[in-house]
Amino acid sequence: MMPTDSPPAFEHASPLDAAVVAAAVQRIEAAGALDDAAELRQAFHAAPTRATQVQARAWLLGQRLGLPQELARWRLWGGWVLLALAVIVALAGLAAGRSVLAPDRSINAVAAFVSLLGLHALTLSVWLLGLLWTWAGAHASGGGWSLGRLALGLAARWPLDRGPHALDLWQGFRGVMQRARLWPWLTGLLSHSIWTAAFALTLAVLAFGFSFQTYRLSWQTTILSTDFFQHFVRITGALPALLGFAVPDAEAVAQVGRAGAGFAPRAPGQREWAWWLMGCV
């Protein structure tokens, strides 16, 4: 018989691991009772209080079911999945940056802005709507759609070495994070980290291209007025200006609008357009 003052069975587990394994065991037991006679005896003698006895029993059952090993596998593959998603998004940012730096050295400033920021603006809007939906209490799963949630789900469902209770562990983890109100923060942190890596690469490509090549930024239109583009640049350049980036003024916007008629814009104005675009990114 084990002494009553021996440490609990989960003493080396982190509080998060213990909570996740306990939640997964609870989900597994919802489908049918488990034979826990040995685990109950060991938990009773190892833990001094009822609360720690319950935690010790859950951890011992989780060990028998392979849940700590599954959690370690999830962490390992989760890092690789996050890296893979970051690389994919970064390659998309690289492709966007390369598409903006056209071979003919002529860049449509508004089209470049949409190419570089349009997809991110769409996904960010979806994430924000999902977050508001969660805070309104109308969506039980929480967090909305995001790259972070996708990464966590892919890691849990990764087929290599996956155990039979991988999805129970995934649901238990999500439930623990939701009860602690940390789920939107975690998925948001992962998602924004992936996007940050992509934007860093895009910005590096733009900075390298603008530093060692001469590009001409302009805008063309058939039905819009110069005032539209002046307002567009003023609004989109408000935050970059606060960060210290140069932003074209109304005269500079009007000037590049005449570039299509053979007008050669001055070099300092072109530098302002390049800094405006990089500042927006």
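Does Leu 154 count as buried, partly exposed or exposed, and at what relative accessibility? Leu 154 counts as partly exposed, because its relative accessibility is 37% (buried means under 20% relative accessible area, exposed over 50%, partly exposed in between, with a 1.4 Å probe and protein chains only). Keep in mind that this is a predicted model, where local features need pLDDT of at least 70 and side-chain atom pairs count only at pLDDT 80 or more, while totals for chains, interfaces and linings use all residues. Residues are numbered from 1 along each chain as its sequence is written, and side-chain values use heavy atoms, with hydrogens and water left out.

Leu 154 sits in helix H6 (helices are DSSP runs of H or I, at least four residues, numbered from the N terminus).

Now for the inside. The largest nonpolar core has 61 residues, and Phe 210, Trp 273 and Trp 276 have the most contacts within it (such a core joins buried Ala, Val, Leu, Ile, Met, Phe, Trp, Tyr and Cys through side-chain atoms within 4.5 Å). Helix H8, residues 183-212, gives this core its largest share, 10 residues. Beyond its neighbours within four places in sequence, Trp 276 is in contact (heavy atoms within 4.5 Å) with residues including Phe 113, Phe 232 and Pro 248.

On to helix H3, residues 50-65. Its 16 residues should span 22 Å at 1.5 Å a residue, and the end C-alpha atoms are 23 Å apart, so the two agree (the expected span is 1.5 Å times one less than the number of residues). Among its buried residues are Trp 59, Leu 60 and Leu 61. The buried residues of H3 pack against helices H1, H2 and H4.

Note on methods
Helices (H or I, at least four residues) and strands (E, at least two) are DSSP runs, numbered from the N terminus.
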